[in-house]
Amino acid sequence: MTLDAAAKKSNWFSRLAHPGQFLSWSRPLVLPLAVLSALLFAIGLWLSFFASPEDYQMGDMVRVMYVHVPNAWLSQFVYGVMAVSALGTLVWRHPLADVAGKAAAPLGAVFTALALYTGALWGRPTWGTFWEWDGRMTSTLVLLLIYLGIIALWRAFDDQLRAARIVAIVTLVGAINIPVIKFSVDWWNTLHQPASIFTAKGPRMPLSILTPLLIMAIAFTLLFLTLHIVSMRTEIFRRRAETLSRQAALSAEAN
C-alpha cells in the first residue's frame, strides 16, 4: 500500500469514526435492523415452539435452549466488543471507542443475566437443581459482576474522559474471564454440556433443532446491534447536551 493510499484510508476511517459522521450514517440503519430483528424473532420463535421436536429426555423444556444459548453467546460477544473498544481507547485513541464501550456494558449485563436465569430454568428439570457452582455457571456469574462493576465505574466519574481510561484498563483485565468461560467445560468436571454447535466434527444436533437455534442467535445479535447503535447515539447526544450546558454556564458567569 502506498503512502497516499494509506493516508486516504486513514482519513476515511477518521471521518467514519467522527461522532458527527457516526450520527449521520447510523441513523438510516436503525429501522431496517429493528425490522429484520423482529422478522427473525417471529420466524425463530415459531420454529422453536411449533416446528422443532421435543427432546427425548427433557421434553418441551428443551425449548428454553433457544433463548438461553443466544443470550449466553451474546454475554461473551458483547464483552468482546467492549474489549476492542478498550483497546481503541488506550491504543488508538478512537473518538468513539469509549462511547461504544459504555453503551455496550448495560446490554451485556442484561444478556448475561438472562443467560443465567434461563440456564437456571433449564437446569432444574435437567440436573435437579437451579444452580450448581460448576466452572461454566460460576465464571458466567463472575462475568455479570464484572459488567455491573464497569457500569458502576462509568457512573462514579463526572469526567468521562478520565473514566474511559480507567474503565478500559478494567475491561481488558476482565477479558481474562472470557476464555475461562469458553473452556471451563473442558478444564473441569461440570454438569454443563460441552460445545454442541462449533465442534471439530461439526454440529452435534439435527437440523430441526439447529436451524431455529441459529435463527434465534442471529435475531438476538441483530437486536444487540440495533440497541447498541441507539445507545451510542443517545450517549453522543447526552455528551453534546452536557457540553452545551457547561458552555452556557461559563458564558453566564462571564457576563
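Author: Let's start with D98, whose place is in helix 4; helices here are DSSP runs of H or I with at least four residues, numbered from the N terminus. This is a predicted model, in which local features need pLDDT of at least 70 and side-chain atom pairs count only at pLDDT 80 or more, while totals for chains, interfaces and linings use all residues. Residues are numbered from 1 along each chain as its sequence is written, and side-chain values use heavy atoms, leaving out hydrogens and water.

Is D98 buried or exposed? D98 counts as buried because its relative accessibility is 8%, and buried means under 20% relative accessible area, with a 1.4 Å probe and protein chains only. Beyond its neighbours within four places in sequence, D98 is in contact with T89, W154, A164 and R239, where contact means heavy atoms within 4.5 Å. With R239, the side chain of D98 makes a polar contact of 2.6 Å; such a contact is a pair of N or O atoms within 3.5 Å, and within protein one must be able to donate a hydrogen and the other to accept it, while residues adjacent in sequence count only if both atoms are side-chain atoms.

Two of those partners lead us on to a pair of helices: T89 is among the residues of helix 3 that meet helix 6, and A164 is among those on the helix 6 side. Others in this meeting include Y79 and M82 from helix 3, and V170 and G174 from helix 6. Y79 also has contacts elsewhere in the sequence, including L143, I146 and I178.

Terms used
Helix = DSSP H or I, 4+ residues; strand = E, 2+ residues; numbered from the N terminus. Buried < 20%, exposed > 50% of the residue type's maximum accessible area, 1.4 Å probe, protein only.
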